[in-house]
Every structure is written in structure tokens, then in C-alpha cells.
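Subject: Structure for you to look at

Hello,

Here is the structure I said I would pass on. Please open it alongside this message.

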Amino acid sequence: MNEINCSIPDFTCISSAKLVKLLELREANHIEFCRIKNVLDEVLHMYRNCELREILKLLMDPTWVATGLKVDFQTLVSECEWASSKIGGMISLDGESDQKISSCSFVPAEFFEDMESSWKGRIKMIHVEEAFAEVERAAGALSKAIEEDFVPITLRIKSMTAPLGGPRGEITYSREHEAVWFKGRRFAPTVWAGTPGEDQIKQLKPAADSRGRKVGEEWFTTLKVEQALARYHEAGDKAKARVLELLRGLSAELQIKTNVLVFASMLLVIAKALFAHVSEGRRRKWVFPTLAGFCKSKDVEVSDGSNRLKIVGLSPYWFDVAQGSAVHNTVDMQSLFLLTGPNGGGKSSLLRSICAASLLGICGLMVPAESALIPHFDSIMLHMKSYDSPADGKSSFQVEMSEMRSIITRATSRSLVLVDEICRGTETAKGTCIAGSIVETLDRIGCLGIISTHLHGIFSLPLNTKNTIHKAMGTTYVDGQTKPTWKLIDGICQESLAFETAKKEGIPETIIQRAEDLYMQHKKEEAFCGMDGLKGNNLSAQVIKGSDKAHPQLSRIGADTLHHEIESTKQTEALQLDVKKAVITIFQKKLMELQKLKNPLEVPELHCVSVATREQPPPSAIGASVVYVMFRPDNRIYVGETDDLEGRIRAHRSKEGMQNASFIYFIVPGKSMACQMETLLINQLPNRGFRLSNVADGKHRNFGSSNLHAGNMVVF
């Protein structure tokens, strides 16, 4: 289909069930017969075109599978020709105009339109010529009766109408009663003088409905008009009945060909779907994949793509590549992937994309990629996030385990297994162990697939796997924040971005801050418990303790790491204490010079406030001029001044590697004093043995002197 250069049919689609029902009940109308003929003619159009004929032959087997009807190719063509000819010989097709609605200059056009449009133009005139001729004669008689009995009255009224009022009357169509009557008032003369129209007025009588009841005070008719109306309706009813009789007869004739009609209709549905897929695939720049078989022997190394799924430039099928909004990934899979990544990192989208591409590929359809090598999978199994089923009395974890049982028992080495966030519905420790055991089982089966998880403890388990590969969804650090790249990379990602995701979705900042504090406290307790091996209640600590024989260096490495972290913390605390003492000494000396004091006891006490990791300054610092010192992870310090301490701390911590930076600060009277003290500290702290990251800032300060009085000092 991708190489077809000729025009293709419109592919008229009819519901097979509706088609069978209409023919069985003999209720198919003119429109349905026209649609059936379009289906037949489009099949014949494909047969008569040499390019489309080959496609028509290829569609025979898929249609057989879809309908369960086995129809020979030549039988299909011959039966379509017969049925199309039969319908074309009976039905008035679009563009044929051998029948016209009756018309008369004295009768409202809506009357004939309503009375005849439901049956005229349905059947060819040759089959209903006599019945239609009788309708024409009855319509002429009705027109003549109205002209003789109603027109003189209307002419008289027009000649007598005064500018400010007078008699009124007109020939009107009453749609409710399907009649043409005279409607008027004050048209009867008070004195009969033998003028034109008076004889016709004398013949008028009140109009009545089908039950003989008077319609109203303004509706009138005559005996001649009533008889002409009755004759016209009778002729119209006979013509309509004849049309319905012929349509039902045609349904009976076509009913014996129902199988062929259903087969042809389904064939066009499949053809339309395939052509639409190819057209949309070309627009979206999709490609046809290369299909490969599976090598039966695992001991033989294959080089032709067997037992391998490789998709280059894979994009989510719901994105339009032509618009440039899709992130492309390359998936080269020869075993099982254990996939990690942050929330919103694209794990679920990747699984859905691989599943859709594989399914499309093995069906011979185009895939959303730049190139694709897809093996002939015997099954594709996709498990996404589970939800509970109250009707079955099952929790979400029960539902997930039921689905995992089906996957494990049915998966083979030729299967594609995709599981998203395995064991997410139970507690972490046992869920991690179940997930690890399932990974081992799928690894032994040798299927291709991806198992995605947030259970990072699985990487500490002593899993017996041979071919499982660790993959991750990439992240990047932008403007002090970790953001997903939606790219598949090698390795393990243990960053969940849970706090960032919660904040993005509107969780209050107080809750996020409390969660972060709890997390840090938990990690500290976890680290200490893991070191002594006695209080550990988390999976990682248990695994390290129970697997020393299998991994003799694992516990030692964990203890060494924790020891290094403790020593680093002690060094930072000692550095802060030394810096505090130095800052106070330098500040007091400066105050003595400015105020010309001789006794150090006269200098007000300077109070330094500490801002530890994951802490913010108190409200008392808001709007005040402060000098602060930041303690970097590399044991270097940064000295600065600001009137917005909270914002400055946030800015520092947003930079890469500075998330855990701590601070000390002290409040000074005014911006000028803060700048002077900042310059002073930058110039003098290095002389006391401290390493500064912004020493150069002290060379670009040139402030005037400022008289500082003790009364202006902030004393704590």
C-alpha cells in the first residue's frame, strides 16, 4: 500500500450486523441500498485496477479471519457484479433525475414536497410508471379544483383590500392536516351584489379534520377541493406502497447473497484502516520494520537480528514527530532490562511505546521510529499499574500478583514482557524481594522485556541473574533542579524526584518541608543502623548483614562510607566554630577602631546565627542587612552580604553540589556597614588560614568610611 500510485476508492463502510438485520427484516431503504452498491462498486474498482487487484487478493485471508466466511476470489467478484447490477437496475442512484415533485402555481410548494419526497426518486420510473402517472393526474385535478374554487376569492380580496385594513384571505397549506385550504376573515360581503367571486364564497364550508371536527373559524374548503385532495392522497398512498413493495423485494433477492455482502463490507473496512494507517504513518514519518525470527538454540550466536529487538529513534505513538515534540530513544534489547528512573521520567511511556511498536511491527504495520528490527514474538505481555477490584474482592496487589502469575506461567524465550512499577502495592521490603524473585524467573526463561521499578533496594539483593541489564531514564541538572531528560541510558537512577513532583502538583510547602526533614532523619537513622548491623529495619541493612559471605567487601564498604561521612560532618562543625570565633574577633576589632574604644569589654557582643543543612533563617532576618558565611562541601567558605538572606540561601543551594550547604550570619546596621564588613572578612579570613572561594571579591570594594556608634549596634 505504501507504493501505490493510483487513486483509491472512498472505502464505504457499513456495519455488518446492521446490514444483515436490514436484509432479514426487509427494512433497507433507498439510502442503504445506495451504500451497499457503493461497497460492491468499490470492490469491483479494486479488481479492475491492476495495482489494487493484488492488494484485494492479499486482503482475502484477513477478511476471512475477521468474518469467519470463506469466499473464493472469483466468486467474490462475480457476486459483487451481480448484486451491483441488481441494485442499479432497481434504485434511482445519485444524479438520476427522471422524477420530479409535482408543482402548481396556486398550491404551496411545501404541500407537494412533503407529500411526495418520501417515495419519489427512490425507484427507477420504469418500475413505478403507472402509479406515478396516477399521482400526476390527481395532482393536476387538485390544482384545477383549487384554481376554480379558491383563486377567484383571493383575487376579489386583493382588489378590495384597503390600506388600513379590510378583508383577508389566502390559499394555505395545513401541514398538521396534510391539506390545502382557504384561510381568511371578513371576506364575505354584507350585501350580495353578484360581483366576481361571490359564487365561490357561497360554496365555502368550514374545514374539518380526519375525524370530522371543525378545525377553526378561519379555515374553509369546498366539496370539489375535498374530493380532489382525497383522490390525490389515495394515489400517493398507492405509489408509496408500490415503492416499499419493490424495496422489500430487492431485499429478499439480496438476502441470499448476505455472506458476500458482509465479506465485501468487512474487506473495505480493513482496506480503509490499512490505507489510513499508511497515510498517517508517512505523514508522521513512521517506517516499516524488519521482521526477524527466533533462533531455536541458545548456544548458537546469532548475527541476523534473531532474538533481538532494536528500535532506533523510537517515539511515543501519541506524539506527532513532524511537530518536533517527541523525545526519541534507541532501544537495543537482547535480554531483560531492569529499569529505574524518577517520577515523570518516562518509564511508563517507554514501555507503552515499545509495546505499541512491537505489536504494530509483528502485524506488518508501520512503527513510530527511524528504523526497527523486531523479532516474531509469540506473545506480547504488558502489565501497567494495577487498581483494586471490589467486585472480585481483590486489592490492587492481589490483582497485580494475579496478572504476574499469568505472565510467568505463559512467558517463553520468544515473548516480550513489559512490567511497569512491579510490586508497588505492598510494603517495601517484601515487595522488593518478590520483585527480585520475579526478575530471576524471567531471566531464567530468557524472554526479552523491561521491568521498571522504584524499589531501589532490589539492587542490593544477591540476585542470580545472567542476562539482566540495568537501564535508567536519564536526568539533568538545570538551574539548581534535577529534571528528567526522558532518555534511556545505562546504569541505575535512584533519584525519584518525589518531593519535586508533589510540589509541582500543589502539595503545600509546609508538608513538603516536613517530608524532607523526615526523610533526612530517616536516612541518618538508617545509616547508623546499617553500620552496627543491630537496629537495621530497612532492606538494604538486612541484605548487607545477611550476605557477607556472598559479598565479603559489602559491609566493609558501607561502614567505611559512613565513617567518612561522620568524619566529614565533624570537620564541618569544627570549621564553623573556628570561623565564628574569627568573625567575632575581626568584627569587634573593627568596632573598636570605628568607635575609638580602648577596652574590649565595652564592645557590644556579636551574636552569630547558624543555618544548618535543610534549614532556613528565622523571620528576624527578613529585611535586615546581614553578613553571612557559606560552608561549602569542599571545606571552602564563601562570604557575602545581602538584605534578602532567605533568597540568597535558596540561590546558593540551587547550584549543583550546594544542596547541603550550611551558613552562619550576623545582622549589621545598614547596607553600607554590611558591605564594609564583607570586604573586611574576605581580606582577613585567608590570613587566618581559611580557604575562600571568593577571595577576588575583596579586591573590588571601595567604600567610604562610616561612623558607627554603639547605639546603632544590634546587641544580643
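The model is predicted.

Strands. β1 (residues 168-174) and β2 (residues 179-185) run antiparallel and are joined by seven bridges. One of the pairs is Ile-171 with Phe-182 in β2. The two strands make a hairpin with four residues between them, and in that turn Glu-178 takes a positive phi of about 50°. β2 also pairs with β4 (residues 219-221), again in the antiparallel sense, over two bridges; here Lys-183 has Trp-219 of β4 as its bridge partner. Most of β2 is covered, with five of its seven residues buried.

Helix α14. This helix covers residues 428-445. Its 18 residues at 1.5 Å a residue should span 26 Å, and the end C-alpha atoms are 26 Å apart, so the two values agree. At its start, a side-chain oxygen of Glu-427 comes within 3.1 Å of the backbone nitrogen of Ala-429. Just past the helix, Gly-446 has a positive phi of about 85°.

Surface patch. Tyr-317, Trp-318 and Phe-319 form a nonpolar patch on the surface, and together they have about 280 Å² of accessible area. Trp-318 sits in the loop between β6 (309-314) and β7 (329-333). Its relative accessibility is 37%, so Trp-318 counts as partly exposed.

Regards

Key: Residues numbered from 1 in each chain as written. Predicted model: local features only at pLDDT ≥ 70, side-chain atom pairs only at ≥ 80, totals over all residues. Heavy atoms only, no water. Patch = residues over 30% accessible without salt bridge, like charges linked within 9 Å, V, L, I, M, F, W, Y side chains within 5 Å. Areas by Shrake-Rupley, 256 points an atom, 1.4 Å probe, with all protein chains shown as cover. Salt bridge = Lys/Arg side-chain N within 4 Å of Asp/Glu carboxyl O. Buried < 20%, exposed > 50% of the residue type's maximum accessible area, 1.4 Å probe, protein only. Expected span 1.5 Å × (residues − 1). Polar contact = N/O pair within 3.5 Å; in protein donor to acceptor, adjacent residues only side chain to side chain. Pairing = 2+ DSSP bridges.
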